[in-house]
Amino acid sequence: MEFFIVEDESVDLATLISALKDLYPNGIIHSSTTFSTWNEAFNAIQKQTKDIKDLIFILDLAIPSASNAVAEGVEYAHRIKRIRPTSSYIAYTQYPERAELEPHYAQVFVGIIDKGEVTRCITPEKERTYIRNVLEEALGAERLGHQERPQNLSKIDSIGLRMFESAFGTNACNVLISE
């Protein structure tokens, strides 16, 4: 597993790198510097990466950190996906609601790490658990998206289903449905 991180804040970058190194000790982290512009990040991606399935881009969408910068981040992510189409994409932002409203968001990203959630984690262990859960659910969801599943199945909302999904994740429920 390989990671390429685009981030403009040193503390957020260090937090994410530390978590990824602990969670995936055999993983390779390509970027360990912050980026001040999307052009800078795009050029680094072109030079330092190849389009492989095991590459996961984790992209801070607001460079610089402001909610009105999210649209540009999603647009750049869409451009990156065009040159690295088989890689996976995770958003890493403090503005998840804003990101999800952007037109290309759903075409590019399979998951989102909410920086607010990471900040609210009291211990590094809780941070790692949150990040691992997001990555595992997102990457599992992407793989399920490439499998053929019966189209006539649906989930009926219930308290039991909500409790199951909160305990085991949406991916676990989708795996059971697809089998």
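**Exercises on a predicted model**

The buried residues of α3 pack against α2 (38–48), β3 (55–59), β4 (88–93), α4 (96–100) and α5 (105–108). The model is predicted. Work through the tasks below.

**Exercise 1.** Find which residues of α3 are buried.

Solution. 
- Start with the extent of the helix: α3 covers residues 70–83, 14 residues in total.
- Apply the cut-off: buried means under 20% relative accessible area.
- List the residues of α3 that are buried: Val70, Gly73, Val74, Tyr76, Ala77, His78, Ile80 and Lys81.
- Then look at their partners, which include β3 and β4 among the strands and α2 among the helices.

**Exercise 2.** Compare the reach of α3 with its expected span.

Solution. 
- Go from the first C-alpha of α3 to its last: the reach is 20 Å.
- At 1.5 Å a residue, 20 Å is expected.
- The reach of α3 is close to that expectation.

**Exercise 3.** Describe the protein as a whole: how many helices and strands does it have, and what share of its residues is buried?

Solution. 
- Count the elements: nine helices and five strands.
- Read their order along the sequence: β-α-β-α-β-α-β-α-α-β-α-α-α-α.
- Take the buried share: 44% of the 179 residues.

How values were computed: Residues numbered from 1 in each chain as written. Predicted model: local features only at pLDDT ≥ 70, side-chain atom pairs only at ≥ 80, totals over all residues. Heavy atoms only, no water. Helix = DSSP H or I, 4+ residues; strand = E, 2+ residues; numbered from the N terminus. Expected span 1.5 Å × (residues − 1). Buried < 20%, exposed > 50% of the residue type's maximum accessible area, 1.4 Å probe, protein only. Contact = heavy atoms within 4.5 Å.
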